[in-house]
Amino acid sequence: MKRPLAYITAAWSGDEYEDTEQAARYCRAVYEAGFSPICPLLYLPLFLNDAIPEEHKSAIDMGRDLLRRSHVLVVCGSGMSEDVKSDIAVAQRLGITATTLEGILTVKGEGRMKRHD
């Protein structure tokens, strides 16, 4: 079965270790709900330096490209940051369904999430 791509976003704390652990938990839950999770936070910092403006911009551009390819945007956690608001706005502009992790887990009981085109 081909799993739809789910872009993971959250209001990250800024603590690298804590954010990575939390992102991995979110990705696992989304995976268990039948999706292929995409979370740039888990891999972009491995080769991009956010302190370098050009690389910071590249990270944003790569994240936007991954969001464009996704079937759904999954907003995780309870906080709302500017990055999360931006991800939601981009998803809306592209006609990509945005939901919460709780919404994905609720839908899991019905099989897989239906995409509205």
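A crossover between two strands is called right-handed if, with the strands pointing away from the viewer, the path from the first strand over the helix to the second runs clockwise. In this predicted model, strand 3, helix 4 and strand 4 make a β-α-β unit of that right-handed kind. Strand 1, helix 1 and strand 2 make a right-handed β-α-β unit as well.

| Strand pair | Sense | Bridges |
|---|---|---|
| Strand 1 and strand 2 | parallel | three bridges |
| Strand 1 and strand 3 | parallel | five bridges |
| Strand 3 and strand 4 | parallel | four bridges |

Leu5 stands opposite Ser36 in strand 2. Ala10 has Cys76 of strand 3 as its bridge partner, and Leu73 is partnered by Ala98 in strand 4.

How much of strand 3 is covered? Five of its five residues are buried. In strand 1, five of the six residues are buried, and this strand too is described as mostly covered. In a regular strand the side chains alternate between the two faces of the sheet. Strand 3 can be read with this in mind: Val72, Val74 and Cys76 point one way, Leu73 and Val75 point the other way, and all are buried.

## Helices on the sheet

## Helix 4

Helix 4 covers residues 82-94, which are 13 residues in number. From its first C-alpha to its last it reaches 18 Å, close to the 18 Å expected at 1.5 Å a residue. Which residues of helix 4 are buried? They are Val84, Asp87, Val90 and Ala91. Seen down the axis of helix 4, these buried residues fall within an arc of 125°, so they line one face of the helix.

The face of helix 4 turned away from the buried side carries the exposed residues Glu82, Gln92 and Arg93. Among the elements that cover the buried residues of helix 4 are strand 1 (5-10), helix 3 (53-69) and strand 3 (72-76). Gly95 follows helix 4, and its phi is positive, near 75°.

## Helix 3

Helix 3 has 17 residues and reaches 25 Å from its first C-alpha to its last, close to the 24 Å expected at 1.5 Å a residue. Its buried residues include Ala59, Gly63, Arg64, Leu66 and Leu67. They cover an arc of only 165° around the axis, which puts them on the same side of helix 3. On the other side of helix 3, the residues Glu54, Lys57 and Arg69 are exposed.

What covers the buried residues of helix 3? The cover includes strand 1, strand 2, helix 2 (40-43), strand 3 and helix 4. Helix 3 is in turn among the elements that cover the buried residues of helix 4.

## One residue in detail

Gly63 is located in helix 3. Why does Gly63 count as buried? Its relative accessibility is 4%, and a residue is called buried if this value is under 20%. Leaving aside neighbours within four places in sequence, Gly63 is in contact with Tyr7 and Pro40. Gly63 and Asp87 are 24 residues apart in sequence, and their C-alpha atoms are 9.2 Å apart in space. Asp87 is one of the buried residues of helix 4.

Terms used. Residues are numbered from 1 along each chain as its sequence is written. This is a predicted model: local features need pLDDT of at least 70, side-chain atom pairs count only at pLDDT 80 or more; totals for chains, interfaces and linings use all residues. Side-chain values use heavy atoms; hydrogens and water are left out. Helices (H or I, at least four residues) and strands (E, at least two) are DSSP runs, numbered from the N terminus. The expected span of a helix is 1.5 Å times one less than its number of residues. Buried means under 20% relative accessible area, exposed over 50%, partly exposed in between (1.4 Å probe, protein chains only). The arc is that of the directions from the helix axis to the C-beta atoms. Contact means heavy atoms within 4.5 Å. Two strands pair if DSSP finds at least two bridges between them.
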